[in-house]
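Please find below a short note with numbered points, written for a reader who is new to protein structure. Kindly keep the structure in view while reading.

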Amino acid sequence: MDQKLRKSGIEPLGDIPWGTHFCQFYKTRQDLVSIQAAYFKAGLADNEFCMWITAEPLNADDTLQAMKEALPDFASYVSRGQMEIIPYHQWYFREGTLDLGRCLNTWVDKLNQALARGYDGMRVTGNTVWVEKKDWAAFRDYEAALNGVIGKHRMIALCIYSLDKCDGNEVLDVMCNHQSSLIRNEEAWQLIETPVQKKSESSILDSEKRYRSLVENVDAVVYSVDLNGVLTYISPRFESIYGRSTSDFVGRSFAEFIFPDDLPGSMENFHKVLSGCSNEPWECRMVLPGSAEIFWVQGRNLPVHSGNKIVGMQGILVDITDQKLVQEALRDSEERYRLVVENAHESIVVIQDGKMVFANSKIEELSGWTVEEVLSRPMLDFVHPDDLEMIANTHVRRLRGEDVPSSYTARFVDRAGNTKSVELNIVLFKWQGKPAALAFLNDITDRKKITDDLKASEEKYRLLAENATDVIWATDMNLNVTYMSPSAERVWGYSMDEAMNLGLEQMLLPESYGKGVQFFTEMMAAETSKQDGRPTNWTVELRLRHKDGSAIWVEERLNFLRDDKGHPIGLLGVTRDISDRKKAESAMQSSQERFRTVYQRSPIGIMLYDSTGQLTDMNKAALEIFGLSSLSDAMAPTLFDNPNIDQEAKGRLRSGGTIRYEGPVDFDKARDQELYQTGRTGVAQLLVSVTTLGGDATESPSGYLILVQDVTGRKMSEEALRESERKYRALVESSPDGILSVDSEGQIVECNAALCDLAGHTLEELKASSLDRLVSGKTLESWPLFQDQLGHGGFVEAEMELVRRDGQEIPVWAKLVKPDGMNANSDRTLIYMRDIAERKKISELKDEFIGLVSHELRSPLTVIIGAVNTALDEWHNLSPQELRLLLQDASAEAESLSHLLGNLLELSRAQANRLFLNVEPVSLEKIVKKVVAKVKRESTPAHRLVMAVPKRLPPVRADELRLERILYNLLENSMKYSPQGGDIRVSARQENDQLIVAVTDQGIGISARDQSKLFKPFHQIGQLKAGAPGGAGLGLLVCRRLVEAHGGRIWVESEAGQGSTFSFTLPIGERPARKRSTKKPLRSQ
């Protein structure tokens, strides 16, 4: 590095070398301006690139003004880029985050840029007033790293510190990271060199004198000790802080003043400093001689060197007693509140920005989550979904200052998913300087449950009394009514008040009144006798007089109301209307009589067995089914010995179940085995149902009921029907037409596989849908008309539009019939559907083809006939040249007609699968030349045909005539769409085992959309060039059919307005020629 000294512009500092890193302590704005202006003025004059990182109290505008006053032509330096002024937040921060590592690299980058621009080096300054306490350690380390960077480069750095913002330790940090420091003493600036620079002992003493003014201005005590720990110096600030003379302490051991409990730690710190291992801050308590008062101090020490030896230690002490007292009081307060919070019976949480930032241990009982899991989670995560809106709205209103309840109830959901009722008491306060909510959460689930249960119980009994179907009443011992439930009005028509004013004689019919009085007398007699076993509940049936005069039957359940000593004080009664029951009992008697009639006349055989399974009765139908004349003819085994019932079924019957089975009965065999004295012969199919009468898992059955039906004829009919259905299903499934059946609502009942294929749906999808999913809206509009025609004619034939699953509509022929012929009342309609899309397309193409070909054939014939007739009729008036022109026109149109007929023949052969090729090795070059010559003869010289076919291409395996037609069609097509004078180029190249032949023109080009229509019949894309002949749109289709018949492919590459290139491939081969047909001839579209 260049050792030439640079002018600093600062009088106490003088000339300095590259790598100088020093600082300035300032108090006023003028302190800043005076030093910085002189500093940068010298650098700008000395061809140095300068940077000023600004902060308060000087912003960018203040800085510019200050430099203009010190240096009149300062603007010229800025305009040519020698001086940059940058706010601190743009230099030290990236996206709002402090990024000091980036700054170190950027200083070097800036220097390299300056050197590349021809400057001698770089001079910088930066104001650190923006550094906060939390960032001090990081910035201190950054300054230390910057010190090493500057020492290796052509850089000079001046760092600016506000003396008012730095405490003693921070001043010491600053001095340690800089080679020297500037500080103003009264009217003059003084330079203090840092002691840590390993100066000689005499230099250290001289340096101490020079920064004495700094020491005296710092609100801390500066001291020095020798290697034995004896104080050699104490700054005067000691006397103003502690009121004691420094002379009482200089010459004494520092350890004398350290509180005994803190002595080991303090001595350890001293030893580390004196050994050069550490200069970390430390804290201890100090006791001054003659005083019992204890002071807390924070210190930081640095070793003092003489040569290479440490000769002592210099340090700074800051009194932190007040701070410690505040901290201790805060700890005591925090401990008291912590104990209160942790031992509280309710959960206490702090909510800030919607999240819980503090919670006591009670939250674990409430939520089931640990405190660590709860913190930083949104409060609303624990709230029942139905209460989220209420809690959120209440909180927002509280934050707005609206009058909302401080206490309310909500539901919380714990970790296990249980819902808990929680009482919330919330107040707003500050938490770590930001707005927050203090919430007290009290689990009132059990309390609320007890309250709710009590309310529910009270409500239940009240509702039971007031809504009971029965009438609940009470009387005193004189039978005066004291309570009557509202249901009295429903039972006998009197309101509650009316009923309470009625006497027993008015309520009861005469015969029931006497019965009731006698009943009450018996109750009193039993109560008076005090006999054990007397009834506690009494029941009697009476007849009441309804308000409308009618009589109703009631059942009265009576009990005594008693006092706390058990003495009767009244009656509690429950009156139940049993009129319906009485009617039911009467109806039951009638029903039994009717049952006996039905039993005897039922066409179904009915057999009754007792609890042991013994047959006890059979109705007439059962006797006839089994061929018996009377019950005595049935010598059948018991029910549980019947071989037709398996053991599992017998077990179900014994446990009260029901079984049902169907099977054959051989009456000849039964007679031979003497089971029945039956008159029937042969085998009959019987359907049997056995039901248990009474009984369950705990009670034995009282008997068994068996129902028997002879289903022999029905089984034969069912089998015949199944056979018919199998044949019908086979016919439907094998049909190529789609077949479906729909009901009167249009719902699809059945369909075959052909319909599924036609519609693109699965069988399950169609059977789960209706007709409106399968046909178009137009068809649905005609459906009522179809149904009407069905009603009159029995069937309908029509063309419909079927909608496939992909939305495509296809035309179908449909026939609608009724399954039962002419029966118009049937709710089913059978529909046959046949896809006619291909047929319609073929018909349309045929019509279009006939019209187009007729036109294309008629046009050349018209010219030929006109030319020949003119030559014949006017030959004597025409010159030889005119006759030749007429014959040439006729010849050209004949060639055109011949070419059109050739294309039609090729398509016809392909369509009929009769396209046979005479494949043999042929020379592509020879054929290209032949076709080009032919095209030139037949066309006007308006285009330039260019051949680019290599001579050494191998022969291709092709039909020579078909290959000529392919090339002729492609060249003819290019000439139709190419401008006058345009080039048409025929090229070829070999690629693996095939040749690629291309015809390129400079025509109108083809858009991507139109390219999809090429190679289809009867399509012409775009406008022909002026004067070009039209065509049938068959040329490219013929090319495709012939190329594919050779096993190749054909394609186009084009853009609108950029011309087109048609390419096709042909196989290379030397095999002997043979005639063959394509294995899979491509049919015409």
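1. A charge is said to sit over a ring if NZ of Lys or CZ of Arg is within 6 Å of the ring centre and within 35 degrees of the ring normal. By this rule, Arg1049 lies over the face of Trp1051, at 4.0 Å from the ring centre. Lys324 is placed over the face of Trp296, at 4.6 Å from the ring centre.

2. The model is predicted: local features need pLDDT of at least 70, side-chain atom pairs count only at pLDDT 80 or more, and totals for chains, interfaces and linings use all residues. Residues are numbered from 1 along each chain as its sequence is written, and side-chain values use heavy atoms, with hydrogens and water left out.

3. Rings of Phe, Tyr and Trp (its six-membered ring) pair if their centres lie within 6.5 Å; planes under 30 degrees apart count as stacked, over 60 as edge-to-face and the rest as tilted. The count comes to 28 aromatic pairs. One of them joins Tyr88 and Trp130, which are stacked at 5.5 Å centre to centre with 10° between the planes. Tyr88 lies in helix α4 (residues 88–92) and Trp130 in the loop between β8 (122–127) and α6 (136–150), so the pair ties together parts that are 42 residues apart in sequence.

4. Why does Ile35 count as buried? Ile35 counts as buried because its relative accessibility is 5%, and buried means under 20% relative accessible area, exposed over 50%, partly exposed in between (1.4 Å probe, protein chains only).

Conventions:
Helices (H or I, at least four residues) and strands (E, at least two) are DSSP runs, numbered from the N terminus.
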